[in-house]
Amino acid sequence: MIPSGDHALTETGLAPSGKGRVLVIGCGALAHEILALKRANGWDHLDLACLPAIWHNHPERIEPGIRAAVAQHRADYRTILVAYADCGTGGGLARLCAELDVEMIAGPHCYAFFDGLDAFAARAGDELTAFYLTDFLARQFDAFVWRPLGLDRHPELVASYFGNYDRLIHLAQTDDPALDAAARACAARLGLAHERRVTGYGDLARFLAPRA
Amino acid sequence: MAEDEDELILADLPDEELVPQMHDDLYDGLRDEVVEGVEILLARGWEPYRVLTEALVAGMTIVGKDFRDGILFVPEVLLAANAMKAGMGLLKPLLAETGAPKMGKMVIGTVKGDIHDIGKNLVSMMMEGAGFEVVDLGINTDVDRYLGALETEQPDILGMSALLTTTMPYMKIVIDTMAERGIRDDYIVLVGGAPLNEEFGRAIGADAYCRDAAVAVETAKAFIARKHNQAVVA
Ligand code: B12
C-alpha cells in the first residue's frame with residue numbers, strides 16, 4: 001500500500017524509493033493505479049515519484065514541477081517516464097517533455113487515457129454534458145471538487161458550476177463496491193444522474209509496460 | 001471583528017468610505033450588501049455609469065488581480081461575479097436611459113465541445129462594465145453559430161473562449177472559415193482561456209490573446225481606438 005495515504009498524494013506527492021531502473025514521475029491522482037499495475041505485473045524495475053495531485057486545479061504548476069523533478073532524479077535512473085496527460089497545459093507539457101527527452105503518456109487528461117484515447121474521442125460528442133470521475137476522484141471528491149470549488153461553504157454554487165451538466169460518469173479502474181457507492185453519492189450531491197463504465201487502466205497499462 | 005461588521009450601516013457612510021466598503025463587499029461576494037450600496041449611491045444622485053465604474057468595475061478589477069496572482073481561487077471569483085451581476089441588474093435599465101458611453105459591440109461564446117463558462121461570463125460582464133454591448137452565444141458554440149451571429153449582430157469584436165486543450169484548436173477553424181468567406185478582417189478577434197497563450201493566439205490568426213478580463217477590456221479599447229483612427233485616415 002501507499003504509506004503516505006491519499007491526503008499526502010493530494011497535497012505533497014510521493015518520494016521515490018530509490019529502487020528500480022525506470023522512474024515514473026506521475027500525478028498523485030495516479031499513484032494507486034501505477035502501484036497496482038506494478039504489483040499485478042511484477043514490474044520491479046519501476047520506481048514511482050508523484051507530484052501533488054491537487055495541481056489538477058492549478059495546471060500552471062505542472063510544467064515547473066516536472067522540470068524540477070526530472071532534474072532532481074535524472075542521474076539516478078536509466079529512463080524517466082512522465083505519467084501525466086496534458087492536463088490543461090495547452091500542449092506545454094508535451095513540449096517540455098520533448099525538450100527534456102523524456103516520454104510522456106499521450107492524451108488530454110486521465111479520463112481520456114483510462115477510457116482509451118480513441119474510445120474517448122469517439123464518445124466526446126455524446127458526452128458533452130457529462131462530468132467524469134475516476135476512482136481517485138470518487139475517493140477524493142471533497143478534496144478535489146467540493147472544497148476547492150467552495151461548495152462546502154456555498155452549496156448554492158452547484159448550479160453555477162454544474163448547471164450545464166446532466167450526468168456523472170464514473171470511469172472505474174477497479175470493481176470496488178465502496179467506490180461505486182462513493183461515486184453514486186457524488187452524483188447525488190451534484191444533482192446529476194449516475195453512470196458507471198469500467199475502464200480498467202486503459203492506456204496507462206500500455207504506457208507502463210516494458211518496451212521491446 | 002464580526003460584531004463590528006454586523007453593526008456597519010452602509011447608508012451612514014460618506015461616499016468616500018462607502019465605495020471602498022463596496023469593493024470589500026464585492027471581494028467577499030456579499031451580494032445583498034453590493035446591491036444595497038448601488039441603491040444608496042443612486043439615491044445620492046450618482047450617475048448610473050459612475051456607480052458601475054467606480055463601485056463595481058473597480059472592485060471586480062481587484063478580484064481579477066488577486067485571482068491572477070493566485071490569492072483567490074474560482075469560488076471567490078464566482079461569488080464576486082454573482083454579486084456584481086446583481087448590482088449591474090439594477091444599473092442596466094438606467095444605463096440605457098441615461099446614455100452611458102457606447103464603446104462597441106462584441107459577440108462572445110465558448111467554443112464547440114467545451115462547456116466551461118465562468119471565465120467567459122466574467123469577460124462579458126467586464127466588457128459590459130466598460131461600455132461594450134455584449135451578445136453572449138453561451139457554450140459549445142460551433143462555427144455556424146459564430147458566423148450567423150456575426151452576420152445578424154454586426155459586432156466590432158468576436159470573442160472565443162476555451163478551457164480544454166482539445167477544444168482550443170477549434171478557434172482556428174472559426175478564424176479560417178471567416179477568412180475563406182472573406183470576412184476575417186471585418187472583425188477584431190480576441191481569444192482567451194487558461195490553456196492558451198500569446199503564441200497560440202498568433203498562430204491561429206487571432207488579433208490578440210487576453211490573459212484575463214481586465215486585459216480583454218484594455219485590448220478591446222485599444223483595437224477600437226485604432227479602428228476609428230484608421231477610419232479617419234482612410
Ligand atoms: C472550474 C473548472 C471546471 C468547472 C466548470 C464550471 C463552469 N460552469 O464553467 C467544472 C467542475 C464543471 C469543470 C468541468 C470539466 N473540466 Co474543468 N476546470 C475548471 C478549472 C478548475 C477552473 C476554470 C475556471 O473557471 N477558472 C476561472 C476563470 C475566471 O478563469 P478562466 O476560465 O481562465 O478565464 C479567464 C481568462 O482565461 C480569460 N478568458 C477566458 N475566456 C476568455 C475569452 C475571451 C474572448 C477573452 C478575451 C478572455 C478570456 O479571462 C477570464 C477572466 O479573467 C480548470 C483548471 C484551471 N485552473 O484553469 C479546470 C480544467 C480546465 N477542466 C478540465 C477538465 C478536464 C474538465 C472536465 C472534462 C472534467 C470532468 N471531470 O469531466 C469537465 C469538462 C466538460 C466540458 N466538456 O467542458 C481540465 C482541462 C484539461 C485539458 N487537457 O484541457 C482542467 C485544466 C483541470 C485539469 N487539470 O484537469 N471544470
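Predicted model: local features only at pLDDT ≥ 70, side-chain atom pairs only at ≥ 80, totals over all residues.
Residues are numbered from 1 along each chain as its sequence is written, and chains are lettered from A and ligands numbered from 1 in the order in which they are written. Local features need pLDDT of at least 70 and side-chain atom pairs count only at pLDDT 80 or more, while totals for chains, interfaces and linings use all residues; side-chain values use heavy atoms, with hydrogens and water left out.

**View 1. The open four-stranded sheet of chain A.** The strand order in chain A is β2-β1-β3-β4, with parallel pairing. Strands β2 (46-51) and β4 (103-104) of chain A form the edges, each pairing on one side only. Here strands (E, at least two residues) and helices (H or I, at least four residues) are DSSP runs numbered from the N terminus, and two strands pair if DSSP finds at least two bridges between them. Strands of a sheet pair through backbone hydrogen bonds, either parallel or antiparallel. Strand β3 (residues 79-83) of chain A is joined to β4(A) in the parallel sense by two bridges. A:L81 has A:E103 of β4(A) as its bridge partner.

**View 2. Helix α2 of chain A on the sheet.** Helix α2 (residues 31-41) of chain A lies across β1 (22-27), β2 and β3 of chain A. The angle between α2(A) and β2(A) is about 175 degrees. Axes are lines fitted to C-alpha atoms, for helices over the stretch in contact, and angles run from 0 to 180 degrees between N-to-C directions. Contact means heavy atoms within 4.5 Å.

**View 3. The largest nonpolar core, around A:F162.** This core has 84 residues, of which A:I66, A:F162 and A:L208 touch the most other members. Leaving out residues up to four places away in sequence, A:F162 touches A:F131, A:V145, A:L149, A:L151, A:L190 and A:L192. Apart from this core lies another, of 49 residues, including B:V57, B:M88, B:A100 and B:A208. A nonpolar core is a set of buried Ala, Val, Leu, Ile, Met, Phe, Trp, Tyr and Cys residues joined through side-chain atoms within 4.5 Å. Buried means under 20% relative accessible area, exposed over 50%, and partly exposed in between (1.4 Å probe, protein chains only).

**View 4. B:A80 in helix α5 of chain B.** Helix α5 (residues 74-98) of chain B holds B:A80. B:A80 counts as buried because its relative accessibility is 0%. Residues up to four places away in sequence aside, B:A80 touches B:L26, B:G29, B:M60 and B:V63. B:L91 is eleven residues from B:A80 in sequence and 17 Å from B:A80 in space, C-alpha to C-alpha.

**View 5. The interface of chain A and chain B.** In this interface, 22 residues of chain A are in contact with 19 residues of chain B. The two chains bury about 1500 Å² between them, 66% of it on carbon and sulfur atoms. Buried area is the accessible area (1.4 Å probe) that two parts lose on being put together, summed over both. A:L128, A:Y161 and A:N164 supply 31% of the area that chain A buries against chain B, more than any other three residues. One salt bridge is found across the interface. In the salt bridge between A:R153 and B:E76, the closest N and O atoms are 3.6 Å apart. A salt bridge is a side-chain nitrogen of Lys or Arg within 4 Å of a carboxyl oxygen of Asp or Glu.

**View 6. A:H170 and its surroundings.** A:H170 is in strand β6 (residues 167-172) of chain A. With 1% relative accessibility, A:H170 counts as buried. Beyond its neighbours within four places in sequence, the contacts of A:H170 include A:L133, A:D135, A:H194 and A:R196.

**View 7. Salt bridges of chain A.** Over all chains, the whole structure has 24 salt bridges. A:R196 and A:D175 form one in which the closest N and O atoms are 2.9 Å apart. This pair links distant parts of the chain, 21 residues apart: A:R196 is in strand β7 (residues 193-198) of chain A, and A:D175 is in the loop between β6 and α10 (177-190) of chain A. A:R196 is partly exposed, at 30% relative accessible area, whereas A:D175 is exposed, at 67%. A network of salt bridges links A:D115, A:R123, A:E127 and A:R197.

**View 8. The salt bridge of B:E128 and B:K92.** The side chains of B:E128 and B:K92 meet in a salt bridge (3.3 Å, N to O). B:E128 lies in helix α6 (residues 118-129) of chain B and B:K92 in helix α5 of chain B, so the pair ties together parts that are 36 residues apart in sequence. B:E128 is partly exposed, with a relative accessible area of 23%, and B:K92 is partly exposed at 44%.
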